[in-house]
Amino acid sequence: MTKIFPLSANTLRTDIKENNVNAELLIDGLVTAKSIKTPEARTILRQIRENIDKYLQLELAPYELHIVNGALYIGNNYIVGNVDGVTSPEELRENLLKALNLARAKHPTSKFFK
């Protein structure tokens, strides 16, 4: 499933893939979060995806992806807290920064935060 609105740079596209054991959240093909394949963990992964679709943008400064009391925020927007069986907020933050840097590299005419 792709985002419903078009992105001019055709980047930061999210998807969820599943196998027999895990579900994975991908951004532009990069695995950014994983969960064990239980209904609860998959629901959390879908919520993370919805929040990322709303708030993650190429123009985002790295400091806007921050951890507060163990939860990941983009700006003032809650993304996810610690959930058993799901990628930690700290690891998710690092993976989101990687995805942003890769997306920015694909759009060389832009001058975004590094």
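A search of the whole structure finds one aromatic pair. The rings of Y73 and Y78 have centres 5.7 Å apart and planes at 80 degrees, so the pair is edge-to-face. Rings of Phe, Tyr and Trp (its six-membered ring) pair if their centres lie within 6.5 Å; planes under 30 degrees apart count as stacked, over 60 as edge-to-face and the rest as tilted. This is a predicted model, in which local features need pLDDT of at least 70, side-chain atom pairs count only at pLDDT 80 or more, and totals for chains, interfaces and linings use all residues. Residues are numbered from 1 along each chain as its sequence is written, and side-chain values use heavy atoms, with hydrogens and water left out.

**Accessibility of the pair**
- Y73 has 22% relative accessibility and so counts as partly exposed (buried is under 20% relative accessible area, exposed over 50%, partly exposed in between; 1.4 Å probe, protein chains only).
- Y78, at 43% relative accessibility, also counts as partly exposed.

**Sheet**
- An open sheet is formed by three strands in the order β1-β2-β3, with antiparallel pairing (strands are DSSP runs of E, at least two residues, numbered from the N terminus; two pair if DSSP finds at least two bridges between them).
- β1 (14–18) and β3 (30–36) stand at the edges with a single partner strand each, so one side of each lacks a neighbour in the sheet.
- On average, neighbouring strands of this sheet are turned by 20 degrees against each other, direction ignored (axes are lines fitted to C-alpha atoms, for helices over the stretch in contact; angles run from 0 to 180 degrees between N-to-C directions).
- Five bridges join β1 to the antiparallel strand β2 (residues 22–27).
- E18 stands opposite A23 in β2.

**Helix on the sheet**
- Helix α2 (residues 89–106) packs on the sheet and touches β2 and β3 (helices are DSSP runs of H or I, at least four residues; contact means heavy atoms within 4.5 Å).
- The direction of α2 makes about 150 degrees with that of β3.
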